Each structure stands twice: as C-alpha cells, then as structure tokens.
Amino acid sequence: MSYFRVNQNCNGCLACVENCPAAALAFVDQNGRRTLKHSMTQCARCGQCWRVCPQDAIEFQHLLTGQWDDVITLDLIHCQICGEPLYSPAYRQRIESKLNSTHEGLCSKHRQSYYAAKWPYGLPSRAKTDLK
Amino acid sequence: MIVGDRKPLKEIVSAIKTYKQVLVLGCGSCVTVCLSGGEREAEQLSRELDQVRHYQGTPPKFVVGSILRQCERDLVLAYQDMPAGTDAVLSLACGAGVQTLADAFEPLPVIPALNTTFLGASDKPGIWTEKCKGCGDCILIHTGGICPIARCAKSLFNGPCGGSKGGYCEVGQGIPCAWTQIVARLKKMDKLHCYEQIHTLKDWKPGGAAGLRNRVRTGLGDGNQRN
C-alpha cells in the first residue's frame, strides 16, 4: 500500500516526476498504459510534488500521518501462573545459552514463589516464629 | 542539522501560565533526531507542564500534536489543524519553525519551548557538536574539512592563538583546538601548504552581516501559490 497517493484528478502529466528533488518518483509506460511509481526510501517528504501538481491530485496527508505496516509477528511465552507475556522463544534460547540453564516461563513475581514452593526443607524456623 | 535544547521548565511555565488552552506542537525533523522537540518530547513536556503546583490558578489545558516540518508555511496551513479554543501554541521546533507558525497563525501567540543552538553533526550517537556557522563563504577546502569559524572559539583564520595548549582550547571544557586539528588533518592530506596561505579579511555579508539571507529557486510552484 503506497503512502504516495493520488486521487482521480491525476492525468499522468508527470509534473511531479520531473520536479521531485529526491528522484523518488518515476513512471513506466507499458502496453499503452502509464504507471506512476514512488520510492518511500528516496522520498524526503518535501512536498514539492504536492505543490507543483497542476491538478491538485496528490493527497500529501498520507505521507504525513498514515497507516502502520506489520514488521514481524513472533510467538510469545507466557508466565505459567499468571499469563503475563514474557519473551519470544528465540529470546529465551538466547538467555538460556548465555546463562547455561533452562528457564521455566515465569514472571519475576511468580519465579520467587515458584522456587520458594519447591524448596524441600520448608521455611527457616525463625521465619516461622516471625510469621506468627 | 539544526540542534536545540529545551528551555528550563520554569521559563516555559511563566510563558504559558496565563493561557487557557495551549497546543504543544512537536516537529518531526531536526529536533526529533536530536531528541529535543519531537512528538515524544512534546508529550513529555505537556505532562510536565500539566501539574497544578506550577500554577496559582487552574493550569491551562494542553493539547499535543506534531507535524513533519514546522518551517514550511503552506504545509502547516494545509495540514496543521488548530484545535478550537487554542489561545497559544507552544512550539518545540527550532526558531525557523516557531516563526513560521507565528506568521501562519498570527495573531495567535507562538511560544518557543526550545533554545535553538547550532548547526551540528553527530560524531557519536547521542552527541551533537557544532560544526557550521553558516558564514556563506565556505573555506573548508583550505582547512582540510574542519571549520575554524565554527570550531575555533575566536574564529581565527590563520592558525591557533597563544592559548592553544596540548591540542586544547584555552576556553576549557575539553574543547579541542580547531587549528591543531586542522594542521593535523592537512598534514595527513599532505596539504600543509594550505596552512601557509594567509587568509585576509573576510566579507561577512554572505554570513548575515548585511541582513537576513534568502535562497530563491524559481520555477517551483510559482504559478501555483498555496496560501
């Protein structure tokens, strides 16, 4: 989906192409038809095309505020207890290889309670008295 | 690139405190890149300003916006809406942007939130240093690509002053002596004869001494004036 959009007033005169300071506009004539092309990487959004168009055909606002493009979608690993999103599998792999250990999917809060629950020796006796 | 620093909060508060509704407008170009006045900074600033303790009465209402470039009159008039009830604009653009808005939306007051400082470059990420004074008569060919006007505290033209010590400027703050750098560079380029060349009086008219400068490039939208 192009950010450089023209309305039906465009008559293919190529004023925009000829006046673009960044060479971000081009055209291809093929099979008796003309295609206008725009390069978002070259485009400086200077607005010269919008200014010079004799037909007022360029909808410049789409180059100013517009749609978002999807870049990547990754799976997520969630905390086994509360479901909070933690990281992607690739990220977990990276931590595990750096720390040389495996990691259950637990958020920082539940990681503590998980290990406390796993402690086979019970809580220290002092702690038991304090809790009373 | 144009670089600026945000004004102290106190100064901004005292400038906007009498207004009822302020549009806090960021600029999407130079000041975004140097992390002074982009949309993020505009949001941040509006949150900082929207605190009851700054004001004696009710704080103004803040509306945040941002536009790609504030320094183009036809662009701002076509694409920047002025929210109903706005009685002042707080612009985070450089001075060029602030003035363009002031011209475009007069008599609405447009208040600068930044102190525009210099034309600079980023040698290291996060560090912008002054490089160019816009003197209009570039001598970089003679100085190996290092500008003595911008980078020498005294803008000397023919070598360092007596205060140059160990490659540093007597002004301090770890500022390198531009002429030490120039000589080192010319040496590397095998162009030390350039150093021997005496540069005489500079005509500062191209540098702004004769009044504000313009660049006119005809043929662009001449017959197609917008606003």
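Predicted model: local features only at pLDDT ≥ 70, side-chain atom pairs only at ≥ 80, totals over all residues.
## Helix α3 of chain A

Helix α3 spans residues 89–99 of chain A. How many of its 11 residues are buried? The number is 0, so the helix lies largely in the open. Buried here calls for 20 or more other C-beta atoms within 10 Å of a residue's own.

## The sheet of chain B

Chain B holds an open sheet of 4 strands. Their order is β3-β2-β4-β5, and the pairing is parallel. Which strands stand at the edges? They are β3 (61–67) and β5 (110–112) of chain B. Each has a single partner strand, so one side of each is left without a neighbour in the sheet. Neighbouring strands are turned by 25 degrees against each other on average, direction ignored.

Strand β4 of chain B covers residues 88–91. β4(B) pairs with β5(B) in the parallel sense, over 3 bridges. Within β5(B), Val110(B) stands opposite Val89(B).

## A helix on the sheet

Helix α5 of chain B, residues 95–104, packs on this sheet. Which strands does α5(B) touch? The contacts are with β2 (21–27), β4 and β5 of chain B. The direction of α5(B) makes about 170 degrees with that of β5(B).

## Where the chains meet

Chains A and B touch each other. In this contact, 9 residues of chain B meet 9 residues of chain A. On the chain B side, 4 residues are nonpolar, 2 are polar and 3 are charged.

Methods:
Residues numbered from 1 in each chain as written. Chains lettered and ligands numbered in written order. Buried ≥ 20, exposed ≤ 12 C-beta atoms within 10 Å, placed from the backbone. Helix = DSSP H or I, 4+ residues; strand = E, 2+ residues; numbered from the N terminus. Pairing = 2+ DSSP bridges. Axes fitted to C-alpha atoms, helices over the stretch in contact; angles between N-to-C directions. Contact = placed C-beta atoms within 7 Å. Nonpolar A, V, L, I, M, F, W, Y, C, P; charged D, E, K, R; others polar.
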